[in-house]
Structure formats: structure tokens, C-alpha cells
Amino acid sequence: MNVPLYEKIWMWAAGGIIVAFVATVLITSIGGALQPPSHVETIDPTQVFKDPRFAHPGVAVAPNGATVVSVGMMFAFNPPVIRVPAGTPVTFRMTSADVIHGFSIVGTNANTMLVPGYVSQFTTTFRQPGEYLIVCNEYCGLGHHLMSAKLIVEEAKP
Ligand code: CUA
């Protein structure tokens, strides 16, 4: 069969693009998206409040940083108000007691999913004191739009 050179170039280019697309899907799904967000730690979602890691949601401030333990559930975050010091690394440890929720602190780089069965964890530092809105950014049911909390970043004590 006589295929002109120009035709051959286009056929190989089209084949190459298909291979690149499939490779992109495989690389991102195997290399990234098949893992729970940020932290591979599991928990029984039906026993969240009996689990010692989440039995007492709240903030613990230590000299080298603060730890926030928070649980998302339909349709609230526990605790509803989080107070942390400015300029200190804050480690968030969170999970969901029912369905998938989001945890996004508006105006900061803090944003994760709360997936039942997994503990989501990240550390960030808030430099700017003030009040920040925390919203759920994963649709979780009829009360999704009501699901919010508040972060208060307090001026570091001198
Ligand atoms: Cu929780 Cu939307």
C-alpha cells in the first residue's frame, strides 16, 4: 500500500498523541490520585468519636507548633471555632464521621478532603492574624451550604 509521506507523518503524530493521553491517565491515577489525600492513616469511620485520636476534637498548642484535631460530619465541623497562634506551624488532623467533606480555609493554602476511613493531615503556618472562614467544598448533602466553621489566628504572644 502506498501511503504518502505527509499522511504517514500525521498518522504517527495522531498515534503519539493517543499514547501520551493514555500515559497521562495511567501516571496520574497510579502515581497520585489513587491515594487518600496527603496522609495514609486509616480509621473506622463508624467509631470516630470513640477513637482516642478523635475523641476530643480541639486545639493543642505546644512550643514547637499547634495541632488541630477536627471532625467533619453532616453538616458541621467539630470544633466550630479553632484558635491558633500566628507564625507557628499548625498541623491539622481531620477525618469524616459520615460522607466525604471538604475542609478549605478561605484565603489560605489550607484545603483538603475529609474522606471517611482516612485521616487527612497537613501542616501550614498562618502569618496574618485575623478571622478566616472554613468551608466544606465537597457536596455532602442538603445542608452542604451550611457547613462552615471559623479559624481565628491570634497575634503571637511576645
Ligand atoms: Cu460537608 Cu459539603
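Pro-79 sits in the loop that joins β3 to β4 (81-85). In this predicted model, the peptide bond leading from Asn-78 into Pro-79 is cis, and its omega is near 5°. Phe-75 belongs to the loop between β2 (65-73) and β3 (76-78). As background, most peptide bonds are trans.

**Fold and overall shape**

The protein is built from 1 helix and 10 strands. Read from the N terminus, the order is α-β-β-β-β-β-β-β-β-β-β, so the helix comes before the strands, each element being numbered from the N terminus. Helix α1 covers residues 5-33.

How does the radius of gyration of the protein stand against that of a compact globule of 158 residues? The globule would come near 15 Å, whereas the protein has 22 Å. Along the principal axes, the C-alpha atoms occupy a box of roughly 80 × 40 × 30 Å.

Of the contacts between residues at least 6 apart in sequence, 61% link residues at least 24 apart.

**Surface and charge**

The accessible surface of the protein is about 9600 Å², and carbon and sulfur atoms account for 64% of that area. Of the 158 residues, 35% count as buried.

Pro-52 and His-56 both fall in the loop between α1 and β1 (58-62). Pro-52 has a relative accessible area of 74%, and because the cut-off for exposed is over 50%, Pro-52 counts as exposed. His-56 is exposed as well, at 71%. Glu-155 is placed in the segment after β10 (148-154). With a relative accessibility of 62%, Glu-155 is also classed as exposed.

Each of these residues can be paired with another position in the chain, as set out below.

| Residue pair | Separation along the chain | C-alpha to C-alpha distance |
|---|---|---|
| Glu-155 and Pro-129 | 26 residues | 5.6 Å |
| Pro-52 and His-144 | 92 residues | 27 Å |
| His-56 and Asn-2 | 54 residues | 75 Å |

Glu-155 and Pro-129 are 26 residues apart in sequence, with their C-alpha atoms 5.6 Å apart in space. For His-56 and Asn-2, a chain separation of 54 residues goes with a C-alpha distance of 75 Å. Pro-52 and His-144 are 92 residues apart along the chain, and 27 Å separates their C-alpha atoms.

**Confidence of the prediction**

The mean pLDDT of the protein is 90, and 94% of the residues reach 70 or more. Which elements have the lowest and the highest confidence? Helix α1 is lowest, with a mean of 89, and strand β9 (residues 130-135) is highest, at 97.

Notes:
Residues are numbered from 1 along each chain as its sequence is written. This is a predicted model: local features need pLDDT of at least 70, side-chain atom pairs count only at pLDDT 80 or more; totals for chains, interfaces and linings use all residues. Side-chain values use heavy atoms; hydrogens and water are left out. Helices (H or I, at least four residues) and strands (E, at least two) are DSSP runs, numbered from the N terminus. The radius of gyration is taken over C-alpha atoms; the globule rule is 2.2 Å times the number of residues to the power 0.38. Buried means under 20% relative accessible area, exposed over 50%, partly exposed in between (1.4 Å probe, protein chains only). Contact means heavy atoms within 4.5 Å. Accessible areas come from the Shrake-Rupley method with a 1.4 Å probe; for residues, only the protein chains shown count as cover. pLDDT is the predictor's confidence in each residue, from 0 to 100.
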